[in-house]
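Student: I have the sequence and the model open. Can we go through how the parts are arranged, one question at a time?

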Amino acid sequence: MDEIVNRVAQSALISFDLEDIRAEGERVLIDIKEQLFQGLILREKDFRAFIKEHDWSQYQDKHVAVTCSEDVVIPTWAYMLLTTRLEKYATTIVFGDLTRLEEKLFEKAIAALDTEQFVDKPVVVKGCSKEEVPVTAYVDITEKLRPIAKTIMFGEPCSTVPIYKKPRKK
């Protein structure tokens, strides 16, 4: 009887899951719409009082996105002021929503990734994850791997979509 051979397991193929580099920690959104006077304007005196009295320690070691979900003009200094308080506690601070926060976390993780293991190797970037991975992370990892990987594929080792193949040297 012929033995079933797992050729994928025996190949030099590297299966890379972006979820493996997903930053640990809670994600939090601070929406300053709650600080608007009558839902229309941000008054500096009231906002500074909020900044002074708010318990910033609740953001210890968390990833924080700051935004205003109301369609009003918020002065830039308000976000800067929030950042000065958050920076003592939060691991990450971004302007934007939780989607932008996740994109930033993946940007940082991909930038810090040691790519030595991928040099001249075929790489499959896994497409299925338990947690959602932003499309920007797939773009960023492709940009990082393209100069060094032999090939880049998307999907699962048993079913891939070719993305890039390094040209052969002449």
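**Helices, sheets and a buried residue**

Tutor: This is a predicted model.

Student: Which residues of α3 are buried, and what arc do they fall within?

Tutor: The buried residues in α3 are A78, Y79, L81, L82 and L86. Viewed down the axis of α3, they line one face of the helix, because their arc is 160°.

Student: Which exposed residues does the face of α3 turned away from its buried side carry?

Tutor: Exposed here means over 50% relative accessible area. On the face of α3 turned away from the buried side, the residues that count as exposed are T76 and M80.

Student: In what order do the strands of the three-stranded open sheet come, and which are the edge strands?

Tutor: The three strands form an open sheet with parallel pairing, in the order β2-β3-β4. Each edge strand pairs on one side only; the edge strands are β2 (27-31) and β4 (92-95).

Student: How many bridges pair β2 with β3, and what is the bridge partner of D31?

Tutor: Strand β3 covers residues 63-67, and its pairing with β2 is parallel, over five bridges. For D31, the bridge partner in β3 is T67.

Student: At about what angle to β3 does α3 run, and what angle does α4 make with β4?

Tutor: Helix α3 (residues 76-86) lies across β2, β3 and β4, and its angle to β3 is about 160°. Helix α4 (residues 98-112) also packs on the sheet, where it touches β2, β3 and β4. The direction of α4 makes an angle with that of β4 of about 130°.

Student: Which residues of α2 are buried, and what arc do they cover?

Tutor: In helix α2 (residues 44-53), the buried residues are F47, F50 and I51. They sit on the same side of α2, because the arc they cover around the axis is only 100°.

Student: Which residues are exposed on the other side of α2, and what do its buried residues pack against?

Tutor: On the other side of α2, the exposed residues are K45, K52 and E53. The buried residues of α2 pack against α3.

Student: Are α2 and α3 roughly parallel or roughly antiparallel?

Tutor: Two packed helices are described by the angle between their axes and the distance between the axes. For α2 and α3, the axes come within 11 Å, and they cross at roughly 15°. Angles under 35 degrees count as roughly parallel. The two helices α2 and α3 are therefore roughly parallel.

Student: Which residues of α2 and α3 meet, and what is the handedness of the crossing?

Tutor: From α2, the residues E44, F47, R48, F50 and I51 meet W77, A78, L81, L82 and R85 of α3. The crossing in which α2 passes α3 is right-handed.

Student: What is the order of the four-stranded open sheet, and what is its average twist?

Tutor: The four strands have mixed pairing and the order β1-β5-β6-β7. Its edge strands, each pairing on one side only, are β1 (14-16) and β7. From one strand to the next, the twist averages 25°.

Student: How many residues lie between β6 and β7 in their hairpin?

Tutor: Strands β6 (residues 151-156) and β7 (residues 159-165) run antiparallel and are joined by six bridges. Across this pairing, the bridge partner of M153 is P162, and E156 stands opposite S159. The hairpin formed by β6 and β7 has between its strands two residues.

Student: Which helix lies across β1, β5, β6 and β7?

Tutor: The helix covers residues 135-145 and runs at about 170° to β5 (122-126). The helix that lies across β1, β5, β6 and β7 is α5.

Student: Is I152 buried or exposed?

Tutor: I152 is found in strand β6. Its contacts, leaving out residues up to four places away in sequence, include V123, V125, T142, L145 and I163. Under 20% relative accessible area means buried. At 1% relative accessibility, I152 therefore counts as buried.

Student: What is the C-alpha to C-alpha distance from I152 to F118?

Tutor: In sequence, I152 and F118 are 34 residues apart. In space, C-alpha to C-alpha, their separation is 9.9 Å.

Note on methods
Residues are numbered from 1 along each chain as its sequence is written. This is a predicted model: local features need pLDDT of at least 70, side-chain atom pairs count only at pLDDT 80 or more; totals for chains, interfaces and linings use all residues. Side-chain values use heavy atoms; hydrogens and water are left out. Two strands pair if DSSP finds at least two bridges between them. Contact means heavy atoms within 4.5 Å. Axes are lines fitted to C-alpha atoms, for helices over the stretch in contact, and angles run from 0 to 180 degrees between N-to-C directions. Buried means under 20% relative accessible area, exposed over 50%, partly exposed in between (1.4 Å probe, protein chains only). The arc is that of the directions from the helix axis to the C-beta atoms. Angles under 35 degrees count as roughly parallel, over 145 as roughly antiparallel, 65 to 115 as roughly perpendicular and the rest as oblique. A crossing is left-handed if the near helix is turned anticlockwise from the far one by less than a right angle, and right-handed if clockwise.
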